[in-house]
Amino acid sequence: MRTYYCLPLFIWTYMFYSVDAIPLQEKANSNFPTKRIMSLTKDNGKMLHRTKRGWMWNQFFLLEEYTGTDTQYVGKLHTDQDKGDGNLKYILTGDGAGSIFVIDENTGDIHAAKKLDREEKSLYILRAKAIDRKTGRQVEPESEFIIKIHDINDNEPKFTRDLYTASVPEMSGVGTSVTQVTATDADDANYGNSAKVVYSILQGQPYFSVDPESGIIKTALPDMSRENREQYQVVIQAKDMGGQMGGLSGTTTVNITLTDVNNNPPRFPQSTYQFNSPESVPLGTHLGRIKANDPDVGENAEMEYRIAEGEGADMFDVLTDKDTQEGIITVKQNLDFENKMLYTLRVDASNTHPDPRFLHLGPFKDTAVVKISVEDIDEPPVFSKISYLIEVDEDVKEGSIIGQVTAYDPDAMNNLIKYSVDRHTDTDWVFSVHADNGSIFTLKPLDRESSPWHNITVIATELNNSKQSSHIPVFIRILDINDHAPEFAMYYETFVCENAKPGQLIQTVSVMDKDDPPRGHKFFFEPVPEFPLNPNFTIVDNKDNTAGIMTRKDGYSRHKMSTYLLPVLIFDNDYPIQSSTGTLTIRVCACDNQGNMQSCNAQALVLSAGLSTGALVAILLCVLILLVVLVVLFAALKRQRKKEPLIISKDDVRDNIVTYNDEGGGEEDTQAFDIGTLRNPEAREESKLRRDVMPETIFQIRRTVPLWENIDVQDFIHRRLKENDSDPNAPPYDSLATYAYEGNDSIADSLSSLESLTADCNQDYDYLSDWGPRFKKLADMYGGDESDRD
């Protein structure tokens with residue numbers, strides 16, 4: 001180091017000595033211009049003139065980091081006006097004058113008072129003056145000169161970072177660039193080799209190398225494996241002086257990591273795996289895990305598992321756990337110990353991201369054998385289906401078998417099975433099942449309109465182990481049978497205006513049917529056969545399941561007929577055809593010109609026409625007389641009860657009169673008398689047999705002759721009486737037919753015995769014998785001698 005410091009000093013001293021050895025006049029001639037005028041041509045052609053100066057000095061140089069005991073001599077200022085008599089005084093100003101640089105004012109010698117550092121300041125600019133001591137006048141104009149600091153190698157190279165971090169893929173080729181390091185030297189790069197840096201590797205061979213000029217670190221060995229070694233620490237040196245001996249140096253550390261590439265296939269640590277599974281495990285149950293090892297990391301170690309084609313591929317499945325890279329064996333289908341007890345699977349594990357550069361190393365997958373043993377357990381019965389659907393007609397008879405369920409014991413014991421119905425699903429006990437063969441049969445009649453579906457559950461239980469049972473749903477669909485006749489959808493309030501014209505629509509009717517035919521409803525409307533041609537109204541089938549009621553004549557009268565009963569025959573198109581007769585009650589009403597109903601009451605019509613006061617008084621008198629007659633009649637009846645009865649013999653027919661005191665069901669009682677027949681003379685008659693006495697021979701009731709015109713109730717009753725009187729086979733059989741109509745006076749006058757009690761003399765009943773066989777009993781009772789009557 002001292003040699004390098006002394007060598008520049010020796011060179012500088014030699015140069016300084018050579019300059020001082022030149023005679024003063026020669027130095028003056030060599031450093032300053034002569035008195036002649038020198039022409040310098042500029043671009044614009046002007047001539048510049050420079051005057052000779054009297055300063056005598058050179059550019060000064062000074063070594064940095066001077067370590068001598070004396071002050072370092074810089075140089076000497078001198079002017080040709082100095083005669084050496086001490087009359088001139090030298091003054092120094094500028095950078096560091098007086099502090100760093102000191103001048104001898106008498107001789108002009110300049111010394112450096114301090115040690116200088118070129119890296120802090122490489123040059124100093126100073127100004128010099130020469131002053132006459134006596135006059136104080138400048139003998140030379142002020143001049144500027146420069147002191148340059150010569151560099152010495154006093155700074156070692158320094159890296160930009162103390163620690164570098166880099167990475168390179170494993171298996172990289174030789175010469176693959178890793179990273180670049182950079183070092184700088186504070187010495188002067190333009191002076192010598194003090195700042196010329198050369199790089200070299202101190203630690204990290206033979207794995208890495210460094211370019212001596214650029215500092216680029218490269219791989220030096222081929223196929224370095226991350227799995228063998230992942231981290232490397234490399235030390236790089238930077239040395240100045242071009243790397244020659246004696247140069248200064250600095251070092252840095254580079255941590256290099258080998259990154260992973262997919263150069264390793266997965267490998268199973270064992271060739272065979274063994275698992276056990278009960279035969280009753282649910283689908284998707286995890287039986288066990290297997291794992292293949294892959295020394296790679298990250299996505300290079302990701303793999304997927306699959307079961308190779310062959311035995312068990314349809315019974316089991318394997319899932320890949322993305323977190324642990326394990327293969328999970330799961331159950332894909334139901335296991336059966338009796339069918340197969342051992343399965344042998346081949347499971348493959350392969351990388352999902354293979355690197356094409358390393359495919360030559362071999363297949364990136366591995367295969368292991370997985371054996372699964374099925375364990376036998378006591379299983380419940382198994383049905384042949386997962387559910388049953390049974391369809392049955394709603395008119396099926398009670399006790400009929402409608403379907404069957406079957407179950408079996410899957411175990412080797414093959415235990416017997418018994419069947420039962422879960423009564424929580426059939427609380428009404430509509431169905432039952434045969435305990436031995438699983439046949440399902442009905443216990444009650446079925447009705448689709450009330451319950452179109454029945455969902456029951458059948459239980460199959462092992463006879464030897466009641467805890468082993470299975471349930472199966474049975475869906476029973478009730479199929480529709482056309483067992484309901486169509487009927488009016490609602491009760492219609494129908495009226496016809498008195499001033500109605502023929503062909504006028506007065507009502508549109510629609511019907512409903514509880515049945516549900518597969519082809520949809522289709523209804524037809526016709527007059528009843530007894531009255532095919534009604535003179536008052538016409539039934540028009542609209543062909544859309546509705547019918548229109550049309551007027552057929554011109555004008556109607558409330559006084560003559562206030563209400564019409566129009567029977568309508570309705571039948572459907574399903575098999576068997578069902579029909580019914582609906583009766584429309586049509587009232588005759590007074591309407592305005594627009595057809596709006598005003599009144600349908602005949603009395604209101606009379607009152608609206610206006611009654612005189614006399615008429616009202618007459619009506620009130622009639623009512624009063626009627627009340628008096630009723631009171632008198634009531635009193636007479638009470639007197640009759642106090643007298644002795646007419647018949648006191650042991651053959652009194654009153655003994656045959658039985659009173660049940662049964663009021664009946666009113667209008668809803670359809671088992672007694674069809675009141676609709678009385679209300680609707682045109683109603684179709686049906687063959688109704690007596691309910692109280694079973695006749696010896698069931699006669700076919702002869703259908704009546706159709707009435708070809710609409711008649712009133714009185715005529716209707718007369719015709720019925722005539723028909724029954726002329727038909728010996730017609731009912732009643734010792735029963736009373738009541739038509740609820742009094743009729744005209746009897747030709748036989750009154751037969752009541754009440755009046756006979758009021759007479760003082762006995763009556764003659766011999767005429768009863770002339771009335772025929774029907775009155776023979778009465779003739780025997782009341783006719784004959786007085787002794788017989790007694």
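A disulfide is here a pair of cysteine sulfur atoms within 2.5 Å. By that criterion, a search of the whole structure finds 2 disulfides. The model is predicted: local features need pLDDT of at least 70, side-chain atom pairs count only at pLDDT 80 or more, and totals for chains, interfaces and linings use all residues. Residues are numbered from 1 along each chain as its sequence is written, and side-chain values use heavy atoms, with hydrogens and water left out.

**Cysteine 497 and cysteine 591**
- The S to S distance in the disulfide between cysteine 497 and cysteine 591 is 2.0 Å.
- Cysteine 497 lies in strand β38 (residues 494-497) and cysteine 591 in strand β44 (residues 579-591), so the bond ties together parts 94 residues apart in sequence.
- Strands (E, at least two residues) and helices (H or I, at least four) are DSSP runs, numbered from the N terminus.
- This link of cysteine 497 and cysteine 591 is left-handed, with -85 degrees about the S-S bond.

**Cysteine 589 and cysteine 600**
- The sulfur atoms of cysteine 589 and cysteine 600 are 1.6 Å apart and form a disulfide.
- The link of cysteine 589 and cysteine 600 is right-handed, at 100 degrees about the S-S bond.
- Cysteine 589 is in strand β44, while cysteine 600, 11 residues apart from it, is in the loop between β45 (597-599) and α3 (602-609).

**Burial**
- Buried means under 20% relative accessible area, exposed over 50%, and partly exposed in between (1.4 Å probe, protein chains only).
- Cysteine 497 is buried at 5% relative accessibility, and cysteine 591 is buried at 13%.
- Cysteine 589 is buried, with a relative accessible area of 0%.

**Pattern**
- Counting bonded cysteines along the chain, the disulfides follow the pattern 1-3, 2-4.
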